[in-house]
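Here are my notes on the model you sent over, as numbered points. Have the structure open while you read.

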Amino acid sequence: MWIYEKKLQFPINIRRADLQMAKFLFAQYGGPDSELSASQTYLAQRYTMPTPETKALLNDIGTEELAHWEMLGTMIYQLTKDASPEDMRAAGLGDYYATRGKGIFQQSPSGEGWNAGYIQVLDDPIANLVNDMAAEQKARAAYERLMNMTSDPDVIEPLARLRMREIVHFQRFGEALMSLQNACAHIYAKG
Ligand SMILES: [Fe+2]
């Protein structure tokens, strides 16, 4: 179970509307390599991991990805909340507004709704962890691209914190991979 803490992992206080940037942030909110995908991947993979430590690691990181997803939703909300329908249309969000108003929907910047085809859940711990390390690098690179697309420090700072956490997750998955490979050398050395 989870206990909800009524605060964001990092504070977000965006003072200036930027609809284009809001649109781009949907990549990490509901795109293929989004925080939503990471959370659902890790929280589902954890059941069949072979050790208490790797189950706990996926539980911890999957939970943190949910907190990151919440941060992205908050950023999109703050960037769009004062926009008029005309503003939305001018920023390329006319289709979005017509369909969902200013609800914060799980989709990519180009409008594809999030789906479970974006996630990877196997019963092979090595395949899962290698997938997860790649996912963390894709997220790190995504945050770097997003930081390149704005000069607003209110937006850059939370993106930089998120980027930093992806690097930590990559390292922790790497340590877990090494520990499993050492523990299971007799299996993985076969052939
Ligand atoms: Fe992550």
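1. Start with helix 2 (35-45) and helix 6 (residues 125-148), which pack at an angle of about 160° with their axes 11 Å apart. Helices here are DSSP runs of H or I with at least four residues, strands are E runs of at least two, and both are numbered from the N terminus. The axes are lines fitted to C-alpha atoms, for helices over the stretch in contact, with angles from 0 to 180 degrees between N-to-C directions. That angle makes helix 2 roughly antiparallel to helix 6; the label needs an angle over 145 degrees, while under 35 is roughly parallel, 65 to 115 roughly perpendicular and the rest oblique.

2. The helix 2 and helix 6 crossing is left-handed, meaning the near helix is turned anticlockwise from the far one by less than a right angle (clockwise would be right-handed). Helix 2 brings Ala38, Thr41, Tyr42 and Gln45 to the contact, and helix 6 brings Asn128, Asp132, Ala135 and Ala139. Contact means C-beta atoms, placed from the backbone, within 7 Å. By type, the residues of this contact are four nonpolar, three polar and one charged. Nonpolar covers Ala, Val, Leu, Ile, Met, Phe, Trp, Tyr, Cys and Pro; charged covers Asp, Glu, Lys and Arg; the others, Gly among them, are polar.

3. A caution on the source: this is a predicted model, where local features need pLDDT of at least 70 and side-chain atom pairs count only at pLDDT 80 or more, while totals for chains, interfaces and linings use all residues. Residues are numbered from 1 along each chain as its sequence is written.

4. What about the other helix 6 partner, helix 7 (residues 153-183)? The axes of helix 6 and helix 7 come within 9 Å and cross at roughly 160°, so helix 6 and helix 7 are roughly antiparallel to each other. Helix 6 passes helix 7 in a left-handed crossing. The residues of that contact divide into 19 nonpolar, three polar and six charged.

5. Among the buried ones are Leu19, Met21, Leu25, Phe26 and Tyr29, along with Lys23 and Gln28. The buried residues of helix 1 pack against helix 2, helix 3 (52-80), helix 4 (85-90), helix 6 and helix 7.

6. The length of helix 1 checks out: its twelve residues should span 16 Å, and its end C-alpha atoms are 16 Å apart, which agrees. The expected span is 1.5 Å times one less than the number of residues.

7. Glutamate 5 lies in the segment before helix 1 and counts as exposed because it has 8 C-beta neighbours inside 10 Å. From glutamate 5 to asparagine 182 is 37 Å, C-alpha to C-alpha, across 177 residues of sequence. Arginine 161, in helix 7, is partly exposed, with 16 other C-beta atoms within 10 Å. Arginine 161 and alanine 183 are 22 residues apart in sequence and 33 Å apart, C-alpha to C-alpha.

8. Zooming out, the protein chain has eight helices and zero strands. Its C-alpha trace spans about 65 × 35 × 30 Å along the principal axes. Of the 191 residues, 35% count as buried.

Technical notes
Buried ≥ 20, exposed ≤ 12 C-beta atoms within 10 Å, placed from the backbone. Contact = placed C-beta atoms within 7 Å.
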